[in-house]
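User: I would like to learn how to read a few features of a model. Please take them one at a time.

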Amino acid sequence: MKHEYLAGLVLAALVAAGCVDDPAAPEPEPEGGPITLAAAIAQSGRHGDLGNEVARGYRLAVEILNEQGGVRGRPVQLVLRDDRSDAETSARLYAEFIDSDTIDALLGPYSNPITNAVLAVTEAAGIPLVAPAAAPEIWAGRQRQWSAQLLNPAPSYLKGSVEVAALVGARDVALVWEDTAFPASVAGGVRVVAQEHGLDIVFAEAYAVGAADHEALVAAARDAGATLFIGGGYATDAIEFTRAATAAGYRPLLMSLLLGPAEPNFIDEVGEAGRCVMGNAPWDPTIRTSGFISDSETMVQRHEAAYGTTPGYHAAAGFGAVELLAEGIDQAISATGDADRSAIRDFLFTVTTETVLGPYSVYPLEDLRAGAQRALPGLQVQWQDDGAGGLARRIIHPWAVANATPCLMR
């Protein structure tokens with residue numbers, strides 16, 4: 001007992017002198033309160049399906065991040081609002097985030113036109129934002145100061161599909177696209193690469209939002225003798241063009257559609273008509289990637305457990321956007337002691353890093369394209385036999401990461 005008493009006196013003296021930590025004292029609280037990220041994103045309306053996919057990525061990344069202790073001991077709060085797929089509503093909601101003066105950084109909305117409207121508000125306020133958007137027009141010539149692009153630029157989206165088509169003997173192209181900024185940018189990229197590979201565009205037509213006569217466009221492509229049918233708009237168009245081709249008896253060598261074939265539910269919607277249909281995917285769950293919060297294998301498992309589906313690239317983009325901001329905030333706190341917005345912005349515009357979505361690097365602040373993604377490659381995926389009577393999504397381009405050879409529709 002005497003020795004324990006003396007030991008206690010010695011320990012108390014050492015604690016008082018600051019030589020050792022008091023084992024009974026509570027752990028010190030991290031400096032500062034919670035870190036808050038916010039986004040207004042389509043959870044209903046025209047873009048609700050894919051907007052919800054991005055939102056799932058946002059939520060899952062924040063959940064896992066907080067399980068790991070947040071950022072330097074500070075928990076991360078996520079504020080999500082539904083912009084109902086409307087640009088004016090989204091811009092107003094971001095203005096409300098800014099006016100609240102409680103937001104450390106912002107995550108982008110879904111769809112390129114909405115993103116463009118939102119950046120007009122957030123750039124003027126000087127708040128860092130990571131956007132899962134692809135249209136180059138949002139950044140080209142704008143010299144953005146606060147907004148970073150996560151996805152690969154739209155003109156590259158279906159470039160690989162044209163290269164695959166040229167390899168298998170397609171020579172005549174039918175190009176259709178929704179007459180809005182993002183699909184038009186993709187169509188412009190298709191024109192360039194088709195010319196490079198000697199393919200002739202024998203039918204080309206834009207259609208207004210929500211006004212596509214899918215069967216008539218497919219029939220026109222068939223009658224023009226197009227061996228590659230390519231383009232489209234958002235996920236609903238991809239589904240309808242696939243169904244229309246079957247209804248019209250149109251069997252080109254290949255069909256490549258924008259924003260649809262990469263999603264896990266695409267084949268559930270179109271069934272056997274989706275055989276050999278291909279499209280763009282900035283990311284695929286079979287490729288191993290990792291970022292500040294997680295690796296892709298863990299992200300996929302957690303997404304499947306939480307939502308009952310394998311994530312598509314929209315979910316990976318949402319997850320990667322949170323990773324990028326979390327890493328930037330971590331670096332800002334390390335350098336300044338606080339989640340300083342300018343320090344976060346400087347990180348976003350100078351770093352070369354990795355997220356679950358893949359490599360990230362943007363043009364620097366002094367460039368007219370400042371904030372535009374320049375590191376993320378695109379993949380081309382195709383629905384093929386899974387060996388068990390069903391269809392599975394395979395990577396067919398680029399060749400270095402392909403896990404299957406292209407199948408033809410005829």
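**Disulfide and helix pair**

Analyst: Cys 276 and Cys 407 are joined by a disulfide, S to S 2.2 Å; a disulfide is a pair of cysteine sulfur atoms within 2.5 Å. This is a predicted model, where local features need pLDDT of at least 70, side-chain atom pairs count only at pLDDT 80 or more, and totals for chains, interfaces and linings use all residues. Residues are numbered from 1 along each chain as its sequence is written, and side-chain values use heavy atoms, with hydrogens and water left out.

User: Which parts of the chain does the pair link?

Analyst: Helices (H or I, at least four residues) and strands (E, at least two) are DSSP runs, numbered from the N terminus. The pair links distant parts of the chain, 131 residues apart: Cys 276 lies in the loop between helix 9 (266–270) and strand 10 (277–281), and Cys 407 in the segment after strand 14 (391–397).

User: What is the handedness of the disulfide?

Analyst: The disulfide is left-handed, because the torsion about the S-S bond of Cys 276 and Cys 407 is about -135°.

User: Is Cys 276 buried or exposed?

Analyst: Buried means under 20% relative accessible area, exposed over 50%, partly exposed in between (1.4 Å probe, protein chains only). Cys 276 has 4% relative accessibility, so Cys 276 counts as buried. Cys 407, at 18%, also counts as buried.

User: Where is Arg 84, and what does Arg 84 contact?

Analyst: Contact means heavy atoms within 4.5 Å. Arg 84 sits in the loop between strand 2 (76–82) and helix 3 (87–100). Leaving aside neighbours within four places in sequence, Arg 84 contacts Ser 44, Gly 45 and Thr 89.
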